[in-house]
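Thanks for coming, everyone. Please bring up the sequence and the model, and keep both in view while I talk.

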Amino acid sequence: MRKPKIVILGAGYGGLMTVTRLQKQLGVNEADLVLVNKNDYHYETTWLHEASAGTLHHDRVRYDIREVIDTQKVEFVQATVEEIKAEENRVILSTGEIAYDYLVISLGAESETFGIKGLKEYAFSISNVNAARQLREHIEYQFATYNTEEEKKDERLSIVVGGAGFTGIEFLGELANRIPELCKEYDVDFHKVKLICVEAAPMVLPGFDPELVDYAVSYLEKKGVEFRIGTAIKEAIPGGIIVGKGEEEVEEIKAETVVWAAGVRGNSVIEKSGIEAMRGRVKVQLDLRVPGKENLFIIGDCSLIINEEINRPYPPTAQIAMQQGELCARNIAGLVRGKSELETFEFDNKGTVCSLGEDEAIGTAFGKKFYGAKASFLKKMVDNRALYMIGGPSMVFKKGKFNIF
Ligand code: FAD
Ligand code: NAD
């Protein structure tokens with residue numbers, strides 16, 4: 001009998017959890033496993049703010065995919081996914097095409113600019129290793145250039161971060177540590193540097209614990225961050241942004257570095273493939289399949305599941321992507337073995353920790369609130385756990401964060 005071919009698209013948290021579980025659960029005679037990813041490396045998306053600020057080298061946030069897959073059981077294809085032809089059970093890749101019996105889409109998120117003018121041209125995003133490296137280099141270039149110019153442009157030393165969600169706040173925490181280093185390295189007066197966070201909602205980290213938010217805001221303010229709350233980015237222009245409070249109060253902020261951290265969407269390959277979605281996120285069944293498609297699973301940031309308690313979608317997180325990956329593998333292994341009843345997804349919320357730089361963080365876990373060094377310790381444990389879950393103890397030793405005391 002022909003073996004079914006299981007194709008997994010994307011080697012992020014969801015994809016690698018699926019493939020590392022499937023390679024354990026299925027024997028070589030039961031199925032062919034194929035993993036497709038744009039790069040030959042996996043990156044820890046949850047560490048990209050560190051690489052972007054320059055507090056952690058980008059090589060620390062990535063590892064070779066072949067280190068965590070069993071190459072006897074899994075064929076790795078380095079290619080960009082261009083389109084999924086779900087009706088025909090095949091995927092169009094930059095290098096050709098591939099047919100499948102079961103498909104897992106785990107292609108992650110992209111930056112969502114909500115059609116705001118100029119953002120694509122003039123703002124940076126924290127979305128992958130290349131984007132992180134470019135942003136780090138750009139900031140450093142502004143500092144390096146500042147003292148070489150006869151007429152000093154102070155806007156070279158201004159950095160605007162759009163969005164005070166978790167990405168914006170974690171990035172600001174890293175920047176707050178990186179800026180004094182850059183000032184020292186390039187003989188720049190620290191007082192000339194401006195770090196501005198623009199947030200459209202009336203509070204930082206909307207919806208998060210207010211006491212912890214106050215802690216984070218006062219910590220970051222002490223480090224030099226200026227918050228503009230209830231203020232939305234309306235447009236990005238060369239050398240700055242236009243912000244506004246409502247329609248009438250419009251202001252220009254001059255800054256050579258503008259970072260858009262104010263929203264994500266699912267991968268645009270989803271819409272290009274004609275799969276029904278809301279901003280690239282597909283409402284999947286609780287067994288993680290697309291309604292009406294017996295062999296198509298979508299997990300991670302490209303999927304959407306409603307949290308029935310509040311009747312709103314779960315936010316796209318690595319925590320959910322990894323839990324979905326485990327379930328997806330069990331369900332596919334079940335199907336391959338002829339099971340008709342699949343397991344359903346139940347999110348096991350282990351809490352949320354938001355770093356504020358190397359030694360500071362805020363978070364909720366085990367029904368408690370954490371801040372300061374304890375929260376920072378917890379955050380490093382969370383980061384190490386993700387390495388462990390996918391790559392085992394050897395990956396933790398290689399890439400783990402041990403600067404915890
Ligand atoms: P990803 O892990 O992003 O992986 C997607 C993979 O698909 C990548 O390998 C990518 O290269 C590949 N890919 C994309 N397009 C293509 C293509 N066309 N062809 C081939 N390959 C492609 N969540 C938490 O739970 N905790 C945190 O602390 C946390 N911190 C975060 C910090 C930052 C700075 C950011 C940006 C996000 C953070 N998140 C956090 C959210 C979390 O990173 C995502 O929810 C998670 O990465 C989603 O996993 P995924 O498997 O869907 O996608
Ligand atoms: P987000 O959508 O969570 O936050 C974006 C923020 O930008 C919001 O506060 C929003 O009000 C604001 N915003 C939107 N439009 C704006 C505008 N025009 N001007 C100014 N502000 C504007 O996005 P994110 O922070 O990138 O997070 C994406 C996902 O990743 C979320 O699910 C988040 O939970 C997850 N994440 C988790 C962690 C963590 O657990 N430590 C860290 C980073 C990201």
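How many bridges join strand β6 to strand β7, and do the two strands run parallel or antiparallel? There are four bridges, and the strands run antiparallel. β6 covers residues 81-85, and β7 covers residues 90-93. One thing to keep in mind from the start: this is a predicted model.

Let's stay with that pair. Find E83, and look across to β7: I92 stands opposite. Side chains in a regular strand alternate between the two faces of the sheet. Now go to the turn. The hairpin of β6 and β7 has four residues between its strands. One residue in that loop is N89. N89 is not a glycine, yet its phi is positive, about 55°. That deserves a remark, because most residues other than glycine have a negative phi. Is N89 buried, exposed or partly exposed? N89 has 18 C-beta neighbours inside 10 Å, so it counts as partly exposed. The cut-off for buried is 20 or more, and for exposed it is 12 or fewer.

β25, residues 361-365, pairs with β26, residues 368-371. Again the sense is antiparallel, with four bridges. T364 has its bridge partner in β26, and that partner is K369. Here the hairpin has two residues between the strands. F366 sits in the turn, with a positive phi of about 50°.

One more positive phi belongs here. R279 is a residue other than glycine, and its phi is near 45°. Where is R279? Look in the loop between α7 (269-272) and β19 (282-283). R279 has 16 other C-beta atoms within 10 Å, so it is partly exposed.

Now the helices. Start with α1, residues 13-25. α1 has 13 residues. From first C-alpha to last, α1 reaches 18 Å, close to the 18 Å expected at 1.5 Å a residue. How many residues of α1 are buried? Eleven of the 13 are, so α1 is largely enclosed by the rest of the structure. Among the buried ones are Y13, L16, M17 and R21.

Next, α8, residues 318-336. α8 has 19 residues, which should span 27 Å at 1.5 Å a residue. The end C-alpha atoms are 27 Å apart, which agrees. Of those 19 residues, 14 are buried, so α8 too is largely enclosed by the rest of the structure. After α8 comes G338, with a positive phi near 90°.

Ligand 1 has 32 residues around it. Which of them come nearest? They are G10, G12, G108, G300 and T317. Several elements each supply at least two residues of this shell, including α1, α5 and α8. By class, the shell around ligand 1 has eleven nonpolar, 18 polar and three charged residues.

Ligand 2 has 25 residues around it. The closest are G163, G165, F166, A262 and P315. Which element gives the largest share of this shell? That is α5, with four residues. β12 (194-199), β14 (232-237) and β24 (352-355) each supply at least two. The shell around ligand 2 has 15 nonpolar, eight polar and two charged residues.

How do the domains come in? Domain 1 is 5-38 + 79-111 + 265-349, and domain 2 is 113-262 + 350-405. The shell around ligand 1 draws at least three residues from each of them. The shell around ligand 2 also draws at least three from each.

A word on the record. UniProt, in an unreviewed entry, lists residues 5-325 as "domain: FAD/NAD(P)-binding". In this model, the end C-alpha atoms of that span lie 18 Å apart. The span is 27% helix and 29% strand.

Last stop: N403. Find it in the segment after α9 (372-399). Is N403 buried or exposed? It has 9 C-beta neighbours inside 10 Å, so N403 counts as exposed. Now look for E358. N403 and E358 are 45 residues apart in sequence. In space, their C-alpha atoms are 8.8 Å apart.

That's the tour. Over to you for questions.

Terms used. Residues are numbered from 1 along each chain as its sequence is written. Chains are lettered from A and ligands numbered from 1 in the order in which they are written. This is a predicted model: local features need pLDDT of at least 70, side-chain atom pairs count only at pLDDT 80 or more; totals for chains, interfaces and linings use all residues. A residue is near a molecule or strand if its C-beta atom, placed from the backbone, lies within 6 Å of it. Ala, Val, Leu, Ile, Met, Phe, Trp, Tyr, Cys and Pro count as nonpolar, Asp, Glu, Lys and Arg as charged, and the others, Gly among them, as polar. Domain bounds come from an automatic or database domain assignment. UniProt positions are given in the numbering used here, feature names are shortened, and annotations may be inferred rather than shown by experiment. The expected span of a helix is 1.5 Å times one less than its number of residues. Two strands pair if DSSP finds at least two bridges between them.
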